[in-house]
Amino acid sequence: MTAVRMTAWQKPPEAVRIPVPEPGPGEVLIKVAGAGVCHSDLHVMEWPAGTLPYGLPFTLGHETAGWIHTLGPGARTPGLEEGDAVLVYGPWGCGVCPSCARGAENYCRRAAELGAAGGGLGADGGMAEYMIVPSRRLLAPLDGLDPRQAAPLTDAALTPYHAIKRSLHRLVPGSTAVVIGVGGLGHMAVQLLKALCAAEVVAVDLSAEKLDLAAGAGADHCVPAGEGAAERIRELTGGLGAALVLDCVGADPTLATAAAVAAPESDVTVVGLAGGTLPVRYGTLPWEASVSIPYWGTRPELAEVVALARAGRIRPHVEVFPLREADEVYQRLRDGLIAGRAVLVPEE
């Protein structure tokens, strides 16, 4: 089968031919329908050797949907049958620590011992025709959703859902939430905010096309990033600022904007991995503002995201490309030319 694999650090991935894997005890073989192309993949490619505790090579793709092809010995369970459409939960923990036991494998207490964060992040992921999932617990039934369109739910939707859910108590009528960066995560964050709360939603981005996407996703206001953005957001909030600022970029300029528009008793939540710095000291943030860096989401939250999608409350904006165009798609992502989420699809 064809797979897009990391074979060296700080080099582009390679499309290579490898054997179709066979599931062992407890494992599940997934026939891949599609794998989302995430900006964090670019960081994985660009970071030098030793930054991540991953062995090479491995297949990319941590945002995967498909169909159960083969259930390994002991993997059969009521509700999961061969042919069923499923999402693959992205962060793979040990499965037995207290965090994993409650479904929060994104915060596995033994993560440092595992050598991989999940499929596509140290272990073989979904940018291939088939993928091994180590346990049935990591599968979420799609219940009628198209797996090609649904693949981004596992990260592009789950990550902002987890981040927003922490702040719902602040997002009362009359409040404002700001989403900085309307890419894969940001366009889902806008939809999730509109589905989950009564706050007005302000979207911020450099790209006019992405601001149009935000408007179509339900944003109440769209503000061009850069000079004057913070002042405009302050005007929109009557000078008070935002109860939640969700920075889906995480660069120095976006973090500066986040701090400038936060209200007293607000949450500044950083989900972007651009590596910027936000100084936290008296005078840099309003009184009782909290800064957090959440990571991904839990297995129960993925089921909640699927329920929202099935109810028609959220829908990823997907651009589909064949798997063999992975290099070109990553370059388009690097250049800011992907609206919503790109999904790589194996060729029939």
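In this predicted model, strand β6 pairs with strand β10 (residues 139-141) in the antiparallel sense. Three bridges join these two strands. Val 88 stands opposite Leu 139 in β10. Strand β6 (residues 85-88) also pairs with strand β5 (residues 64-71). That pairing is antiparallel as well, and it runs over four bridges. Here Ala 65 stands opposite Leu 87 in β6. In general, strands of a sheet pair through backbone hydrogen bonds, either parallel or antiparallel.

An open sheet is formed by three strands in the order β2-β1-β4. Its pairing is antiparallel. Strand β2 (14-17) and strand β4 (58-59) stand at the edges. Each has a single partner strand, so one side of each is left without a neighbour in the sheet. Strand β1 (residues 2-6) is joined to β2 by four bridges. Within this pair, Thr 2 has Arg 17 of β2 as its bridge partner.

Strand β11 pairs with strand β12 (residues 200-205) in the parallel sense, over five bridges. The bridge partner of Val 179 in β12 is Ala 203. Between the two strands the chain passes through α6, and this β-α-β crossover is right-handed. Strand β11 also pairs in the parallel sense with strand β14 (residues 242-247), over four bridges. Ile 180 stands opposite Asp 247 in that strand.

How many residues of β11 are buried? The count is five of five, so β11 is largely enclosed by the rest of the structure. In a regular strand, side chains alternate between the two faces of the sheet. Both faces of β11 are covered. On one side lie Thr 176, Val 178 and Ile 180, and on the other Ala 177 and Val 179, all of them buried.

The largest nonpolar core holds 84 residues. Leu 87, Met 127, Leu 139, Leu 153, Leu 171 and Leu 193 touch the most other members. Helix α6 (residues 184-196) gives the largest share of this core, six residues. A second, separate core has 20 residues, including Val 178, Ile 233, Ala 258 and Val 261. In soluble globular proteins, nonpolar side chains tend to be buried together. Leu 193 touches Ile 164, Leu 171, Ala 177, Val 179, Val 201 and Leu 244, leaving aside residues up to four places away in sequence.

The structure contains 16 salt bridges. One of these salt bridges joins the side chains of Arg 334 and Glu 46, at 3.5 Å from N to O. Arg 334 lies in helix α11 (residues 326-334) and Glu 46 in helix α1 (residues 39-46), so the pair ties together parts that are 288 residues apart in sequence. Both residues are partly exposed: Arg 334 has a relative accessibility of 38%, and Glu 46 has 40%.

Another salt bridge brings together Glu 304 and Lys 165, at 2.9 Å from N to O. Glu 304 belongs to helix α10 (residues 299-310) and Lys 165 to helix α5 (residues 158-165), so this pair ties together parts 139 residues apart in sequence. Glu 304 is partly exposed, with a relative accessible area of 29%. Lys 165 is partly exposed too, at 33%.

A further salt bridge links the side chains of Arg 170 and Asp 267, at 3.0 Å from N to O. Arg 170 sits in the loop between α5 and β11 (176-180), and Asp 267 in strand β15 (residues 262-270). These residues are 97 residues apart and link distant parts of the chain. Arg 170 is partly exposed at 22% relative accessibility, whereas Asp 267 is buried at 7%.

A disulfide requires two cysteine sulfur atoms within 2.5 Å. The sulfur of Cys 94 has its closest cysteine sulfur in Cys 108, but the distance is 3.7 Å, too far for a bond. Cys 94 is partly exposed, at 23% relative accessibility. For the sulfur of Cys 197, the closest cysteine sulfur is in Cys 248, 14 Å away, which is also too far for a bond. Cys 197 is buried, with a relative accessible area of 16%.

Note on methods:
Residues are numbered from 1 along each chain as its sequence is written. This is a predicted model: local features need pLDDT of at least 70, side-chain atom pairs count only at pLDDT 80 or more; totals for chains, interfaces and linings use all residues. Side-chain values use heavy atoms; hydrogens and water are left out. A nonpolar core is a set of buried Ala, Val, Leu, Ile, Met, Phe, Trp, Tyr and Cys residues joined through side-chain atoms within 4.5 Å. Buried means under 20% relative accessible area, exposed over 50%, partly exposed in between (1.4 Å probe, protein chains only). Contact means heavy atoms within 4.5 Å. Two strands pair if DSSP finds at least two bridges between them. A salt bridge is a side-chain nitrogen of Lys or Arg within 4 Å of a carboxyl oxygen of Asp or Glu. A crossover is right-handed if, with the strands pointing away from the viewer, the path from the first strand over the helix to the second runs clockwise.
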